[in-house]
Amino acid sequence: MTTVSSLDRAPEMSARTKGRFAAAVYLLYIIAGVIAQGFISDRLVVLRDAATTSANILANQSTYSLGLTVYLIEMAGQIVAVVLFYQLLKPVSRTGAMLAAAFELTGCGIKIFSRLFYFAPLLVVGRAAPSLSAFNKEQLDAIALLLLKINDNGAAIALAFFGFSTLLQGWLIYKSGFLPRWLGVIGMIGGLGWLTFLSPPLGMSVFLYVAVYALLGVLIMVGWLLTVGIDEQRWRQRAAQEAVSIWK
């Protein structure tokens, strides 16, 4: 018979296994984001043409709603990855890992809130609210497009917080000893790229370059964690040092 004490003594997932799980979740939520943005939103939303955007949404309401679902799955996956990477990196610096997690979770919160403005145009172009009868079609199309622009700008602000998080994670990986230093360098450069979104117009102007670099960096990190993985012995050494240190 299973007892509470035996459950408490159940072995925890190893650092290498946890790293591989984090990499898999990381890859899945990146794929979800690419699908929602590149294959759904970008095909339906024309940011310079309100009428075409409204027509696309009305004609593809199920697909547009699926985009919101995939966006939320992306965010759920990112939150799981935040927790896992915090656990993996806290032996290097508990404070640094906590700050990285806090920055990324803040970005997630901003991005999730922004998705309300992605959903809202469905109500506007479909005239779901009786109060919208006071507006004509051109005005409703303009309102829907404005909401979508707010969604995009909210996501851009979130990227700045992801930049702080990625920069910190890169530094922790560089200092870790259980992951290659060059992975940390790649991460820190990527974090600096996302920090261009501290000025959204600047970030938007270099977005393609930053996104391509970040995607390559993610694939390299995921590939390393899934194939080579974390040096378990060094991770345990750092964890033991962290447990007795008062300076973390």
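The questions and answers below treat the helices, their packing, and the cavity and pocket.

User: How many helices and strands are there in the protein chain?
Analyst: This is a predicted model, in which local features need pLDDT of at least 70, side-chain atom pairs count only at pLDDT 80 or more, and totals for chains, interfaces and linings use all residues. Residues are numbered from 1 along each chain as its sequence is written, and side-chain values use heavy atoms, with hydrogens and water left out. Helices (H or I, at least four residues) and strands (E, at least two) are DSSP runs, numbered from the N terminus. Read along the sequence, the pattern is α-α-α-α-α-α-α-α-α-α, and the count is 10 helices and 0 strands.

User: Are helix 6 and helix 7 roughly parallel or roughly antiparallel to each other?
Analyst: Helix 6 (residues 137–176) and helix 7 (residues 181–194) have axes 7 Å apart and pack at an angle of about 160°. Axes are lines fitted to C-alpha atoms, for helices over the stretch in contact, and angles run from 0 to 180 degrees between N-to-C directions. Angles under 35 degrees count as roughly parallel, over 145 as roughly antiparallel, 65 to 115 as roughly perpendicular and the rest as oblique. Helix 6 and helix 7 are therefore roughly antiparallel.

User: Which classes of residue make up the contact of helix 6 with helix 7?
Analyst: Contact means heavy atoms within 4.5 Å. The residues in contact include L159, G163 and W171 of helix 6 and R181, G184 and W194 of helix 7. Ala, Val, Leu, Ile, Met, Phe, Trp, Tyr, Cys and Pro count as nonpolar, Asp, Glu, Lys and Arg as charged, and the others, Gly among them, as polar. By class, the contact has 11 nonpolar, 7 polar and 1 charged residues.

User: How are helix 3 and helix 6 oriented to each other?
Analyst: The axes of helix 3 (residues 50–59) and helix 6 lie 8 Å apart, and the packing angle is about 85°. Among the residues that make this contact are A50 and I57 of helix 3, and D141 and L148 of helix 6. The contact has 7 nonpolar, 2 polar and 1 charged residues. The angle therefore makes helix 3 and helix 6 roughly perpendicular.

User: What is the relation of helix 2 to helix 4?
Analyst: The axes of helix 2 and helix 4 come within 8 Å and cross at roughly 155°. Their contact divides into 20 nonpolar, 9 polar and 2 charged residues. Helix 2 is therefore, in relation to helix 4, roughly antiparallel.

User: Which helix gives the most to the lining of the largest cavity?
Analyst: On a 1 Å grid over the protein atoms alone, a cavity is a set of points where a 1.4 Å probe fits but cannot get out, and a pocket is an open set with protein on both sides within 12 Å along at least five of seven lines; lining residues have an atom within 4 Å of a point. F85, L88, L89, I173, L179, L225 and I230 line the largest cavity, and the lining has 7 nonpolar, no polar and no charged residues. With 3 residues, the helix that gives the most is helix 4 (residues 61–89).

User: What is the volume of the largest pocket?
Analyst: Grid points are joined across faces, edges and corners, and a volume is the space filled by probe spheres set on the points. The largest pocket has a volume of about 1300 Å³.

User: Which of the 44 lining residues are the closest to the centre of the largest pocket?
Analyst: By class, the lining has 27 nonpolar, 11 polar and 6 charged residues. Helix 2 (15–44), helix 5 (94–125) and helix 9 (207–227) are among the helices that each supply at least two of the lining residues. The closest to the centre are I30, L159, W194, F207 and A211.
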